[in-house]
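Have the picture open while you read.

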Amino acid sequence: MANQYSTEFNYLFDLIQHRVNKAINQNYNETEPPMPAYSKWNKNLSSFITNNGLDKNSALLLLIALAPYVHPHLFDDATGDLLSNNNFPKIGGTHGKNFRGVLPTGETAVLIIGGDNPKKRSDVQRLFQADHMFADKKILWLET
């Protein structure tokens, strides 16, 4: 089902499935999908990432934040079959007042980007600090 999205969102879809599979299945040993080169991403998004010197984690956080607006059902599509019989609060996410899909939270981003690696998870949390370009330019922030 991931092939219905653009290159960068297919990657996000695959990464979400990878993280959820790894968290709910002890025997899951697949390797993390490789991030496609920015040159294969949407031109405007690729330019924004390159022009602002975003690292891989920042680029992925941007994808996570954009997903509900570009592909409203991506999170539901990526997790639907995997979570239908599982209670999995680790993925986070919330539902908006006027939106039926999943709206990713900071917890969602930490799981998708950092997985179960404490160092990576800590690195993701730094992306939400006030001195990061996202907060400084009012691009991305966490709400209470």
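Which side chain does the side chain of His132 join through a polar contact? The partner is Ser58, and the polar contact spans 3.3 Å. Keep in mind that this is a predicted model.

## Around His132

To find His132, go to the loop between helix H6 (118-126) and helix H7 (133-136). Is His132 buried or exposed? His132 has a relative accessibility of 15%, so it counts as buried, since the cut-off for buried is under 20%.

The side chain of His132 also has a polar atom 3.0 Å from the backbone nitrogen of Phe134. If you skip the neighbours within four places in sequence, His132 is in contact with Ser58, Arg126 and Leu127.

## Rings in pairs

Now for the aromatic rings. How many aromatic pairs are there? The count comes to two. In one of them, the ring centres of Tyr5 and Phe13 sit 5.8 Å apart with the planes at 40 degrees, so this pair is called tilted. Both partners are tucked away: Tyr5 counts as buried at 9% relative accessibility, and Phe13 counts as buried at 3%.

Tyr38 and Trp41 also form an aromatic pair, and this one is edge-to-face, with 5.1 Å from centre to centre and 90 degrees between the planes. Here, Trp41 is buried, with a relative accessible area of 5%, whereas Tyr38 is partly exposed at 22%.

Terms used. Residues are numbered from 1 along each chain as its sequence is written. This is a predicted model: local features need pLDDT of at least 70, side-chain atom pairs count only at pLDDT 80 or more; totals for chains, interfaces and linings use all residues. Side-chain values use heavy atoms; hydrogens and water are left out. Helices (H or I, at least four residues) and strands (E, at least two) are DSSP runs, numbered from the N terminus. Buried means under 20% relative accessible area, exposed over 50%, partly exposed in between (1.4 Å probe, protein chains only). A polar contact is a pair of N or O atoms within 3.5 Å; within protein, one must be able to donate a hydrogen and the other to accept it, and residues adjacent in sequence count only if both atoms are side-chain atoms. Contact means heavy atoms within 4.5 Å. Rings of Phe, Tyr and Trp (its six-membered ring) pair if their centres lie within 6.5 Å; planes under 30 degrees apart count as stacked, over 60 as edge-to-face and the rest as tilted.
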